[in-house]
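This briefing covers ligand surroundings and salt bridges. The points below are grouped by topic.

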Amino acid sequence: MSDLGDDTVPKLPHGVKFREDKARGGYILVGPERIYNIDGVSVEILKRVDGAASIQRIVADLATVFTAEEAVIRPDVEAFLIDLRDKQMVVL
Amino acid sequence: MSETLLDERPQANAKPKPQPPIGLLAELTHRCPLRCTYCSNPIELESRSAELDTETWKRVFSQAAELGVIHLHLSGGEPCARKDIVELTRHAAEVGLYTNLITSGVGVKESQLDALLEAGCDHIQLSMQGADEEITVAVAGMKGAFERKQAFAKQVVDRGFPLTLNSVIHRQNIHQVPTMIEKAVEFGAKRIEIAHTQYYGWALKNRAHLMPTKADVDKTIEQVEEARERLKGTLVIDAVFPDYYAKYPKLCNGGWGARTFSVTPSGKVLPCHAAETIEHLEFWSVSDHDLADVWYNGPAFEAYRGTDWMQEPCRSCERKHIDFGGCRCQALALVGDAAATDPACVKSPHHDRIGDLARSESAYVPDPTKVSYRLIGAA
Ligand SMILES: C[S@@+](CC[C@H](N)C(=O)[O-])C[C@H]1O[C@@H](n2cnc3c(N)ncnc32)[C@H](O)[C@@H]1O
Ligand code: SF4
Ligand code: SF4
């Protein structure tokens, strides 16, 4: 498993937008010439990616909202963000 | 945590209620300081006096966002030739559209670039006519253009914004594909599109000057594959190869009236930017109709949407939901019937003819002084 430090602050780079897709429903992450549908927990993660909150804060927050263990959530959050980083949709 | 790439999903059924569009190409003006021989703009360029005013474009952008458009491509001509380009960009960003500025980069001042980025421009796509000054001048008809493009690219990258280069490939520059890819890396671009010329507008007029040989096309395919592998993680290379030498036609814009559309400088709404070549179609204008009304009910959109309009061999073909019969404009231009199978398809009875045409035109040695430079644009 990859390890992102507690203090890592994920953010959306210039040219990437996260928003609701009112016409089709759900949420989308938009970059140049690409659009990803985002659903479920992923929506909650990206809503918290504001360029200020650290991974630790995001995980702690999600743990409260979903009444789950931080240790359980954390690997999923990291995997999701790393995947998006590899697609140049998130900066870590 | 599922993600699907919306952009690659063709529309499935024959006549379902159309999905909302995802992309709008706004051709803000046909004016342009360059005169590219391959320009896809129509031979009959719309004049400045016919252009939509600022308020109308803003209304169009609001309606587009409401309708479900995600990507707004600001293009032309040269979009930065519009005095209100910053104001229009700001409005597009305010209504939630992802704005992609498609520009030649020449004549865009640094202060104008700053204003555009501040106004919410999300991404910039810069055209590259050649990998050096000599070829750039031969293709675009303007001295000093290469240097200005290079400077513009640097300004974008220095500000931390993503840059895509778009190189339209043809006989005049096909030998420069590897150097163009290197320049893209040097410029700090994230992506380059190696797009073989599509023969519309000025490109159709100049086809005999532009058509590359099959051997040269095959060579670029190898060069692109090699570079793609080598530059993984540094530069994304997207390539579109010419379909005159292909076996099956390309899926044009995700299908007619399925995903994207365009608005001309004067406000005509087109299913694809070359659709005006199909003269019997009736195009509605943003001056008379709401954008949603045009998308769902416009006769030009209905004409070739889905698969009901198809003739044989498309009608009974198992690929009809994959490529939707190819390009309507190309079918008209080469076969004389916009509802025919795109002759780029092996199943078309005219397929051999277009291969022959490509071979003979690419072998022909035209007088370079006879190439038609695009007009700068009527006043
Ligand atoms: C018509 S241009 C207008 C914007 C701007 N003047 C520019 O050249 O970037 C829009 C885009 O289409 C590309 N293009 C122009 N003519 C083409 C053709 N015949 N085939 C394929 N792409 C073309 C350009 O490289 C550019 O990326
Ligand atoms: S002449 Fe060249 S730069 Fe101008 S609009 Fe056409 S393709 Fe773009
Ligand atoms: S026959 Fe028509 S549908 Fe079938 S592959 Fe050719 S163009 Fe596509």
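In this predicted model, a polar side-chain atom of Gln125(B) sits 3.1 Å from an oxygen atom of ligand 1. Ser127(B) also places a polar side-chain atom by an oxygen atom of ligand 1, at 3.3 Å. From Thr103(B), a polar backbone atom lies 3.2 Å from an oxygen atom of the ligand. On its own, ligand 1 exposes 540 Å², of which the protein buries 89%.

**Shell of ligand 1**

- The shell counts 18 residues, and those that come nearest are Tyr38(B), Ser40(B), Gly77(B), Asn166(B) and Gln198(B).
- By class, the shell of ligand 1 holds five nonpolar, 12 polar and one charged residue.
- At least two shell residues come from each of four strands of chain B: E2 (71-76), E3 (98-103), E4 (123-127) and E5 (163-169).

**Shell of ligand 3**

- The residues around ligand 3 include Cys314(B), Cys317(B) and Cys345(B).
- Arg319(B), Lys320(B), Asp323(B) and Lys347(B) are also among the residues around ligand 3.
- The shell of ligand 3 divides into five nonpolar, two polar and four charged residues.

**Salt bridges in chain B**

- Over all chains, the structure holds 31 salt bridges.
- Glu318(B) forms a salt bridge with Lys347(B), with 3.7 Å between the closest N and O atoms.
- Glu318(B) lies in the loop between helix H11 (299-303) and helix H12 (320-323) of chain B, and Lys347(B) in the loop between helix H13 (328-335) and helix H14 (351-363), so this pair ties together parts 29 residues apart in sequence.
- Glu318(B) is exposed at 61% relative accessible area, whereas Lys347(B) is partly exposed at 35%.

**Salt bridges in chain A**

- Arg74(A) and Asp6(A) form a salt bridge in which the closest N and O atoms are 2.7 Å apart.
- This pair links distant parts of the chain, 68 residues apart: Arg74(A) is in helix H3 (residues 70-86), and Asp6(A) is in the segment before strand E1 (17-20) of chain A.
- Arg74(A) is buried, with a relative accessible area of 18%, while Asp6(A) is partly exposed at 36%.

Technical notes. Residues numbered from 1 in each chain as written. Chains lettered and ligands numbered in written order. Predicted model: local features only at pLDDT ≥ 70, side-chain atom pairs only at ≥ 80, totals over all residues. Heavy atoms only, no water. Near = heavy atom within 4 Å. Nonpolar A, V, L, I, M, F, W, Y, C, P; charged D, E, K, R; others polar. Salt bridge = Lys/Arg side-chain N within 4 Å of Asp/Glu carboxyl O. Buried < 20%, exposed > 50% of the residue type's maximum accessible area, 1.4 Å probe, protein only. Polar contact = N/O pair within 3.5 Å; in protein donor to acceptor, adjacent residues only side chain to side chain. Areas by Shrake-Rupley, 256 points an atom, 1.4 Å probe, with all protein chains shown as cover.
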